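This report is meant for someone meeting the structure for the first time.

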Amino acid sequence: MVPEGFAHPAKMHAGLLWEIVERYTKPGDWILDPLGGSGTTMLAALMGRNVICNEMEHHFLLPMARSVTMMRQQPMLGHDLGEMQIL
């Protein structure tokens, strides 16, 4: 995630996201985040999940898009990178 993503006032805890994704989804599943915010849910793509983030506030879109670009350049964690879409 890019540094600007950490400035969001209501960030999701990455450890909690990891636990939810591991417990309730499997690689290849789709995850929809209707309030994408800083884009923390996009980290699930590093775990092989496909992610759609919706965000209505324009000023959060650029940092989220930059985070997606960074993740596509440096996939990690031993999974195929899932698909990522920002609406």
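Which side chain meets that of aspartate 29 in a salt bridge? The model shown here is a predicted one, and in it the partner of aspartate 29 is lysine 26, with a distance of 3.5 Å from N to O. Lysine 26 is exposed, because its relative accessible area of 53% is over the 50% cut-off, whereas aspartate 29, with a relative accessible area of 23%, is partly exposed.

The count of salt bridges in the model comes to 2. Arginine 23 forms one with glutamate 19, and the closest N and O atoms of this pair are 2.7 Å apart. Both arginine 23 and glutamate 19 belong to helix α1, which covers residues 14–24, and the 4 residues that separate them amount to about one turn of the helix. Arginine 23 counts as exposed at 55% relative accessibility, while glutamate 19, at 41% relative accessibility, counts as partly exposed.

The two pairs are set out below.

| Salt bridge | N to O distance | Relative accessibility |
|---|---|---|
| Arginine 23 and glutamate 19 | 2.7 Å | Arginine 23: 55%; glutamate 19: 41% |
| Lysine 26 and aspartate 29 | 3.5 Å | Lysine 26: 53%; aspartate 29: 23% |

In soluble globular proteins, nonpolar side chains tend to be buried together. Here the largest nonpolar core has 15 residues, and those that touch the most other members are Val21, Met42, Val51, Met71 and Met84. Two or more residues of this core are given by each of the elements α1, β2 (50–53) and α2, and the largest share, 3 residues, comes from α2.

Helix α2 spans residues 61–73, and valine 68 is found within it. Is valine 68 buried or exposed? Valine 68 is buried, because its relative accessible area of 5% is under the 20% cut-off. When residues up to four places away in sequence are not counted, valine 68 touches Met42, Met84 and Ile86. From valine 68 to alanine 45 the separation is 23 residues in sequence, and the C-alpha atoms of these two residues are 9.3 Å apart in space.

The contact between valine 68 and methionine 42 leads on to the surroundings of methionine 42. With its neighbours within four places in sequence left aside, methionine 42 is in contact with Val51, Cys53, Met64, Val68, Met71, Met84, Gln85 and Ile86.

Definitions and conventions
Residues are numbered from 1 along each chain as its sequence is written. This is a predicted model: local features need pLDDT of at least 70, side-chain atom pairs count only at pLDDT 80 or more; totals for chains, interfaces and linings use all residues. Side-chain values use heavy atoms; hydrogens and water are left out. A salt bridge is a side-chain nitrogen of Lys or Arg within 4 Å of a carboxyl oxygen of Asp or Glu. Buried means under 20% relative accessible area, exposed over 50%, partly exposed in between (1.4 Å probe, protein chains only). Contact means heavy atoms within 4.5 Å. A nonpolar core is a set of buried Ala, Val, Leu, Ile, Met, Phe, Trp, Tyr and Cys residues joined through side-chain atoms within 4.5 Å.
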